Amino acid sequence: MHINNTHEEKESLTKRKSTLGIRLFFIYLLSYAGFVAIGVFQYELLSIPVLGGLNLALAYGIGLILFAVVLGIVYNYYCSRYEDEADQTEETQKGGTA
Amino acid sequence: MIYDISYTALFFFFVFVGLVIGLSFYFGRKTSSSSSYYAAGGNIHWAVNGIAFAGDYLSAASFLGICGMIAVSGFDGFLYAIGFLAGWIVALFLIAEPFKRLGKFTFTDALNAKFNSRAITLSASVSTLIVSVFYLIPQMVGAGDLVMPLLGLPHWAGVILVGTIVIIIVASAGMASTTYVQFLKGGLLIILSVVLTVYILKNGLTLTPDSKGEKYHSFMELTPQVADGKVTDVAGWEIIGQQVVGKKTFVKLAQDGVDRWFDFTQANNKPILKETLTVTQTADGNQLYNGEAREKRRFYQVGHMSKILVNGEEVDKTGPLGPFEFLSTLQESEIVRFLQVKFTDGPDQVSLYYPQVTAGETFMLPGLKYKIGRDSNLWSKLDFISLMLALFLGTAALPHILIRYYTVKTPRDARKSTILAIAAIGGFYILTLFMGLGAAVNGVLDVESSNMAAPLLARAFGAALFSIISAVAFATVLGTVAGLIVASSGAIAHDFIDVYLKKNLSDHKKVKAGKIAAFAVGIFAILLGMAFKGINVSFLVGWAFAIAASANLPAILFLLFWKRTSETGIAASIIVGIVASLTIILTSPTMWGRYGLDPANAIHQLENPALISFPLAVLTVYLVSILYPKRQKDATLVTS
């Protein structure tokens, strides 16, 4: 029935990874757009002191940079896990049919 | 600005350039096939590639441009750092892995992997070429700025120097060398920025930013006699004339036969004349700095604070500060910026830089360059959105960045490279904030070009640091220019001649064609570098990002995420993206200024095109794909 098993396995893995990527992308897009929107529509908010005496503009800006790194690490962690899981399933299936 | 040659800097400079060229020749001997010329044979370790990614990306725009713009316009320069980094998110989450699975050598190959369409080949290679050229301009401008204080050479000489060295590197080696050179340089740039930041924080803030061996110029303030808004008498000076420029009034005074300009303003409700800096282009072709010949050295570096407040108390200096303290103290204090106006004085052209006290609070908010708060209008707000959009979407669409996805073996490695790059670049960008602000208050700015803020700041802390940083910055430009020239020579030799014209070149001829193309692009870049002297390099890179985002990104995204995307749709979207963004750039206020016209009279007031050209390209790929669907080959396969 499933002659092309390995290939399908790979495709589902690709799909899992790209769904994760798209989700994380939208999370970041929203945070980034939030910064731009505050700048354009609620400029005054940017001067409010928030963190250690820093205004919102600085805190948000530095935060966006750090957030990108954090999301990158999260993405890599899950992608690697998905890949390992896919490898394992492949191996068990091979074992099962042998 | 007037600079002395620094021999220490010169020594390090030659050692570094020698090292770069030596490495290139070393790897060049290993390069024989076309695959190793273009993509280093797919054999590079992910960690090396990650730092090389960072090296590629941290070009003149990041180190010279962002620091410079922060030094001059405060937070607005940091917007570039935020946007440049955010762009990596698009690259990592949406493009990196699917792209790796698709392609071979170039961006064009990847776009065309499913279609094999000649229209895509042609439009994508044109787009690669145009984006690379626009990215090359700021690198060359930055190179020219760098060699001025380093070697005491004029701007054009620096541009030619970089162009020549890069042509030699690329023609002799290709991509393999640039990856390792970028790795070395990316790593060094980050380390040196940390060192510079430590210096800045250790130094703290002071009202008298004297640098090593050189006292900061103390700017004169004169008290005039005034009648009916006119200066009638100034003790010790002869009054020559008075000129109104916009809302400002400047007074020309003479002492010992030297003409100087003063800013006529009010302080504590009393009239006052503040010393300004001027560069006068006289009718007989001479250039006077503060009314005297260059050699007299009466022109000064600027950048100081007029008031430092620590916990509500005024102090003369703070001593060492922590990173948060540094930022928050600046926020509460007052910074003096020098703003430029241009006017004619009889037959002479005058560029005048006058001091403007700016509250730290304002300096640390967006709005000094991109007006979104006070003094904003619809155009300026649209311009801000457009810039942020271009920076966000541009990174993933830069051909010389994409080409690195092919230099590692697996998608897993490409991902790890990218994350390492994001971390390295992000860390560096946070440092640019300190380096830029440090330059703003340490009396090191050259009013004629903001691009040298970071290296000149290093000079204030010692010749050795300055020389090493300049050498690394120079290598930065070399590496980036080399990468760009490889990408554009690939577009011409591989995509256009080999694939589009179907010349079926032999491996040997393909490399030869690439080298000839590299030579041609190099010469072109040199000419453009001279033409755009004096513009902030980050600003120029903003354009390259906008063109890349408009021309390439809609095509890539639709190809990856929408099954009905057709080859005609892709080609049309690339063309529309290029034409729209180029048209808006070439009619922008900045270009108007370059043409010698008044920027205020430009056709529109939008400096960055992405807000219009990106949606237009998206619409094009969608509509054209529906109107001209792809050939039915796939559909018949599915139904059978």
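This report visits a chain-to-chain contact, a pair of helices, a sheet and a loop.

This is a predicted model, in which local features need pLDDT of at least 70 and side-chain atom pairs count only at pLDDT 80 or more, while totals for chains, interfaces and linings use all residues. Residues are numbered from 1 along each chain as its sequence is written, and chains are lettered from A and ligands numbered from 1 in the order in which they are written.

Let us start where the chains meet. Two residues are in contact if their C-beta atoms, placed from the backbone, lie within 7 Å. On this basis, 34 residues of chain A are in contact with 37 residues of chain B. Four helices of chain B, namely H5 (75-102), H10 (323-332), H12 (378-394) and H14 (411-441), each supply at least two residues of the side that touches chain A. Helices (H or I, at least four residues) and strands (E, at least two) are DSSP runs, numbered from the N terminus. H5(B) gives the most to this side of chain B, with 13 residues.

Next come two helices of chain B. The axes of H3 (residues 46-57) and H14(B) come within 7 Å and cross at roughly 45 degrees; axes are lines fitted to C-alpha atoms, for helices over the stretch in contact, and angles run from 0 to 180 degrees between N-to-C directions. H3(B) and H14(B) are therefore oblique to each other, where angles under 35 degrees count as roughly parallel, over 145 as roughly antiparallel, 65 to 115 as roughly perpendicular and the rest as oblique. Among the residues of H3(B) that meet H14(B) are Trp46(B) and Phe53(B).

The table sorts the residues of both contacts by class: Ala, Val, Leu, Ile, Met, Phe, Trp, Tyr, Cys and Pro count as nonpolar, Asp, Glu, Lys and Arg as charged, and the others, Gly among them, as polar.

| Contact | Classes |
|---|---|
| Side of chain B that touches chain A | 27 nonpolar, 4 polar and 6 charged residues |
| H3(B) with H14(B) | 10 nonpolar, 4 polar and 2 charged residues |

Chain B also has an open sheet of 5 strands in the order E1-E7-E6-E5-E4, with antiparallel pairing; two strands pair if DSSP finds at least two bridges between them. Its edge strands, E1 (221-222) and E4 (238-245), each pair on one side only.

Finally, Asp284(B) is found in the loop between strands E8 (277-281) and E9 (287-289) of chain B. Is Asp284(B) buried or exposed? With 7 C-beta neighbours inside 10 Å, Asp284(B) counts as exposed (buried means 20 or more other C-beta atoms within 10 Å, exposed 12 or fewer, and partly exposed in between, with C-beta atoms placed from the backbone).
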